Amino acid sequence: MDRTIAELIAYVGQTMFERNLTDFSGGNISIRDGDLIHISPRFAGSKQHWHLGPEDIITGEIASDALLEHPRFSREGRTHLAIYRNFPDAQAVIHAHPLYVLPFCVAEKPIIPVLESGQKFGKIDVIPFSPAHSQELADNIVKALTGKEEIIRKQAAAVLAPKHGIFMAGKDLLATLDALERISWNAYCILNQPIMAQLPNA
Ligand SMILES: [Zn+2]
């Protein structure tokens with residue numbers, strides 16, 4: 001059975017939550033559908049624990065700011081709009097607070113690809129700090145993704161926001177979810193290198 005766009009967004013949100021790819025405090029997921037954006041609602045984590053139904057998904061125009069007035073429009077939604085307006089090949093956007101990525105956001109260190117599966121994303125850079133939910137954050141993310149259009153077309157490009165989380169633009173939602181998990185596992189491997197260095201080689 002084909003999933004509707006709203007069902008797909010709900011499924012991806014629940015999957016991210018179950019796999020520690022985001023948390024109660026935040027994250028948001030959207031899809032471009034022609035001139036429209038479909039996006040997970042405000043407080044999807046804190047109030048709904050990522051148990052979303054198709055009726056929870058918010059839809060509106062990408063080109064206008066009307067959604068900013070919607071009471072359930074995600075507070076990070078302005079970043080999603082900015083990405084769709086600036087990157088025509090971006091068909092999906094994920095923002096998340098992944099368990100193994102957050103230490104890099106706090107330390108403001110990039111995620112270097114150490115697994116073969118992460119090479120195609122290149123180095124995941126940290127952007128300058130700007131407050132959550134701000135237009136300044138949206139602008140900084142657009143600036144940091146500029147130049148990564150080929151990676152967006154291939155699968156998904158990502159940047160890290162200090163003290164906050166990861167923002168990704170991808171060619172479709174499942175490809176972007178796949179990239180999120182690969183980057184998270186890659187981060188887990190980097191975090192464990194100091195422990196591994198203590199172990200005997202043979
Ligand atoms: Zn967030």
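Predicted model: local features only at pLDDT ≥ 70, side-chain atom pairs only at ≥ 80, totals over all residues.
How many cavities of 30 Å³ or more does the count come to? I looked that up first, and the count comes to one. For me a cavity is a set of points, on a 1 Å grid over the protein atoms alone, where a 1.4 Å probe fits but cannot get out. Grid points are joined across faces, edges and corners, and a volume is the space filled by probe spheres set on the points.

Residues are numbered from 1 along each chain as its sequence is written, and side-chain values use heavy atoms, with hydrogens and water left out.

**Cavity and pocket**

I found about 50 Å³ of space in the largest cavity. Its lining includes Ile-111, Ile-112, Pro-113, Phe-121 and Arg-182 (lining residues have an atom within 4 Å of a point). By class I get six nonpolar, three polar and one charged residues there. Ala, Val, Leu, Ile, Met, Phe, Trp, Tyr, Cys and Pro count as nonpolar, Asp, Glu, Lys and Arg as charged, and the others, Gly among them, as polar.

Next came the largest pocket, with about 210 Å³ of space. A pocket is an open set with protein on both sides within 12 Å along at least five of seven lines. Of its 19 lining residues, Ser-25, Gly-26, Gly-27, Asn-28 and Arg-75 are the closest to the centre. The pocket lining has five nonpolar, 11 polar and three charged residues.

**Cores**

I then checked the nonpolar cores, meaning sets of buried Ala, Val, Leu, Ile, Met, Phe, Trp, Tyr and Cys residues joined through side-chain atoms within 4.5 Å. Buried is under 20% relative accessible area, exposed is over 50%, and partly exposed is in between (1.4 Å probe, protein chains only). The largest core has 33 residues, and Met-16, Ile-94, Ile-166, Leu-173 and Ile-183 touch the most other members. Among the elements giving it two or more residues are helix 1 (5-18), strand 4 (92-96) and helix 6 (173-191). Helices (H or I, at least four residues) and strands (E, at least two) are DSSP runs, numbered from the N terminus. A second, separate core of 25 residues includes Ile-37, Ala-138, Ala-157 and Ala-161.

**Zinc**

What holds the zinc ion? I see His-95, His-97 and His-164 coordinating it, each through NE2, at 2.1 Å. Donors are N, O and S atoms within 2.8 Å of the metal (3.2 Å for Na, K and Ca), and water is not among the atoms, so sites may look incomplete. His-95 lies in strand 4 and His-164 in the loop between strand 5 and strand 6, so the pair ties together parts 69 residues apart in sequence. His-95 is buried at 1% relative accessibility, and His-164 is buried at 14%.

I noted Leu-81, Ala-82 and Tyr-84 among the buried ones.

In helix 4 (residues 135-145), the buried residues include Leu-137, Ala-138 and Val-142. Gln-135 sits in helix 4 too, but Gln-135 is partly exposed at 37%. Gln-135 and Ala-82 are 53 residues apart in sequence and 9.0 Å apart in space, C-alpha to C-alpha. Just after helix 4, Gly-147 takes a positive phi of about 100°.
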